[in-house]
Each structure stands twice: as C-alpha cells, then as structure tokens.
Amino acid sequence: MRDLTFTDVERLEAAEIDVPFEMDEDAFRAFYDRTARSLWSYLSRITSDPSAADDLLQESFYRFLRTRVNWESESHRRAYLFRIATNLVRDGQRRSRRGQLVALPDQDHNALPSPGADHGEASARRTDLRRAMDRLRPRERALLWLAYAQGHAHTEIASTLGVTTGSVKPLLFRARRKLAALLRSAPARSLEATREDR
Amino acid sequence: MKIVDCCREDDVLDALTSGRWPERTDDELRAHVAGCAVCADVIAVASAVLEVRDAEPAEIQIPSSAVMWWRAQMRARQEAAREAARPINVAQVIGLTSVVVLAIVALVALSPWFGGVLGSWMHDVLGAAAGPTATEGRFSLAGWMVPVVLLGAGVWLVLAPLAIYFAVSED
C-alpha cells in the first residue's frame, strides 16, 4: 500500500465504505493482544530480521482480517494466522532468491541492539542460539520455535507449516538434533568472543 | 538417520517449561536425561529457545491493537474505493475512445482534405508494413476507408455499452 496523505486519511475516514472484516474491533484487538508478540517473535526468528518481522506482522494481521473463515477454536484461529505469516515469509524468501536482494539468514546478531547489551554469559548464550538457528533452514527454525518457544501442539505446527501431523515428529527430531549439535560446538567460540569484547 | 523417540520427552519438557528443571526435578528424571540422548537434546534446545524467548519482550516494539485496527480499516477502505472506481475508469476509457473514433469518422466524412491526408498516411504505414510489393499498385485509400471506418464505429458503438455493462455488473 502506498503511503496515505492527510487528505487521503480524511477522505477515507469520512467515506461510508463497508469494510468486509469478519471480526469486529473488540474481538480483533483482544486476539491481537494475545498473539501479536508471539507472532513477532516467530517472524523475527525465522527471518532473522526484526525490521522484516515488523512489516510481516502487519501484513499477516491484515490478511487474517480479510479472510472469511469460520474459526473452530482459538487454536485454529491462531494456527491460521501463523500459517499466513509462514506463507508470507516463504514468498519473501522466494522473491529474494530470485532477485538476490536480501540474504535472510547468516546475519551478524552482534549488530542488533539488545537490551542492556551486557555482553555477559546470558547474552553470549542467546547470541550463540541465534547464530546456531541462523544456520538451520527456515522450516527447521520455524519448527523449533513453534514447538518450544510457542508450545504449539504437533497438529497446530502441521497446520501452520503445511505439513502432515505425522511428519512433524521426525522433522522436529532432525531439527532439534542439528541445533543441539551446533549449540554444543558453540560455547568455546562464544567464550573467545566474550573475551575479545572485553 | 535413525529416528529415536523417547516416552519421557513430554515429562522433560513439562519440567523445563514449568521451571522445575533441574533443581526441583526428581532424581529419577535427571538420571534418565543424563543417559538419554533424545531428552538431553530436548533440554539443550528447549532451554536455549526459551531463554531467547524470555529475553525478547523488552526488544519488541509492535504497534498497539488500536493502531493496527485503524491501519487495517484505512487500507481496506482504500482498496474498496479503488475496486469501486475500477468500472468507472473502464467506462471512462471506453467513452473517451468512442469520442476519438467518432471524431475521426466525422472528420473523414466531412473533410475530403483530412480523408486524403489520413488515407495517404495509412497507405504509407500499410505499405511499409507489407513490404515493397504492396506499394506497387496505387489506389485511393480515403475512398474505401470511409465505409470501413463507419462500420468499425458502428461495431464499436454496439460493443461499448456491452463492455460497460459487463465491467459494472457484480457477477
């Protein structure tokens, strides 16, 4: 969407245009408050790019609002939102591969602002995990984040990622094993990095 | 790679997410994790992921739900307005094209000079497009062009309202 001018906003606010949203404002705001932070974390983790996560968050919620689906439950609604977000990330990655515009993984997370920026042991551990996760494939990152950070059930993960429920377990096993191996090899490097920082 | 499954995986994850791991976990489960590669991986990965997740909220600055709702409303209205304007734009293009065609027809019919100029221009264009052999025979293009253009305009006048109807109609 192009940027709106003040005149555009005044005109659109005054216009009596029927907006086809399935949810009313109260329901949307309650749902947004429950899910936005976890969705942002998920997007940030699988794209390795917090600013991309900001844009994708807005686009995901907008597309979610525009859909006309009868939600069976809160988890169904949440899985649908995460699926929209996952598809948006995939589309973005396909486009960036075609255009070679942005290399999503392998960012240097030392460049990202972190609260406190204490360079302590906890911070080094978090940096290790971020770096290790960046070495995984996007789907592996998504699997691990949904399973362990969001605590989603296998059926919900399957729905979000567009895979069968039965395949979640082996995929999760492989991704977990890969990340565990990367994390085990990380401490030596992070200690050296912490010493260099000091 | 052989897929290994452990029946204690959920217990280990439950202990971790509830904050009982490792101090407030019974010795039996800790002994199991020490000897089980699958559960050791679960502890290593899940604890690292949870640590990153718990450290994140301070970094996150997302728009409020009110702002998000307002933006979505504005965007939806903008898209709806654009959608509503599309048939009008189509009708305007068709109308403008009809006026131009009718003006040309009127000029050709009323002004022999304009008909001659247009005829020779079309002859040059058609001759160049068809190649050198097409220019060998001389003919008066303006003379036969008038009924062709009139026929084209008639067809256009019949089709234009139909096109507008299909552009404006809902289905």
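## Salt bridges and polar contacts between the chains

Across the interface of chain A and chain B, the rule finds four salt bridges. One pairing to look up is E59(A) with R75(B), a salt bridge whose closest N and O atoms are 2.8 Å apart. The same rule, applied over all chains, brings the count to 17 salt bridges. Please keep in mind as you browse that this is a predicted model.

On the side of chain A that touches chain B, the elements giving two or more residues are α1 (6-14), α2 (25-47), α3 (50-66), α5 (121-134), α6 (138-149) and α8 (165-197) of chain A. Of these, α2(A) gives the most, with eleven residues. Sorted by class, that side of chain A has 30 nonpolar, three polar and 18 charged residues.

## Extent of the interface

How is the size of an interface often given? In terms of residues, 51 from chain A are in contact with 44 from chain B.

## A closer look at helix α2 of chain A

Let's follow α2(A) from its start. There, a side-chain oxygen of D24(A) reaches to within 3.3 Å of the backbone nitrogen of D26(A). Further along, α2(A) bends by about 45 degrees at T35(A). The residue that follows α2(A) is S48(A), which lies in the loop between α2 and α3 of chain A. Although S48(A) is not a glycine, its phi is positive, at about 60 degrees.

The helix also holds an aromatic pair. A search of the whole structure finds seven aromatic pairs over all chains. For F28(A) and Y32(A), the ring centres are 5.8 Å apart and the planes are at 35 degrees, so this pair is tilted. F28(A) and Y32(A) are separated by about one helical turn, because they are four residues apart in helix α2 of chain A. In general, an α-helix has 3.6 residues a turn, so residues three or four places apart point the same way.

## A link within chain A

Which residue forms a salt bridge with K178(A)? The partner is E140(A), with the closest N and O atoms 3.0 Å apart. This pair links distant parts of the chain: K178(A) is in helix α8 of chain A and E140(A) is in helix α6 of chain A, 38 residues apart.

## A cis peptide bond in chain B

Most residues other than glycine have a negative phi, and most peptide bonds are trans. In chain B, the peptide bond from W21(B) to P22(B) is cis, with omega near -5 degrees. You will find P22(B) in the loop between α1 (9-17) and α2 (27-35) of chain B.

Conventions. Residues numbered from 1 in each chain as written. Chains lettered and ligands numbered in written order. Predicted model: local features only at pLDDT ≥ 70, side-chain atom pairs only at ≥ 80, totals over all residues. Heavy atoms only, no water. Contact = heavy atoms within 4.5 Å. Salt bridge = Lys/Arg side-chain N within 4 Å of Asp/Glu carboxyl O. Nonpolar A, V, L, I, M, F, W, Y, C, P; charged D, E, K, R; others polar. Bend = angle between axes of the 7 residues up to and from the residue. Polar contact = N/O pair within 3.5 Å; in protein donor to acceptor, adjacent residues only side chain to side chain. Phe/Tyr/Trp six-rings, centres within 6.5 Å; stacked < 30°, edge-to-face > 60°.
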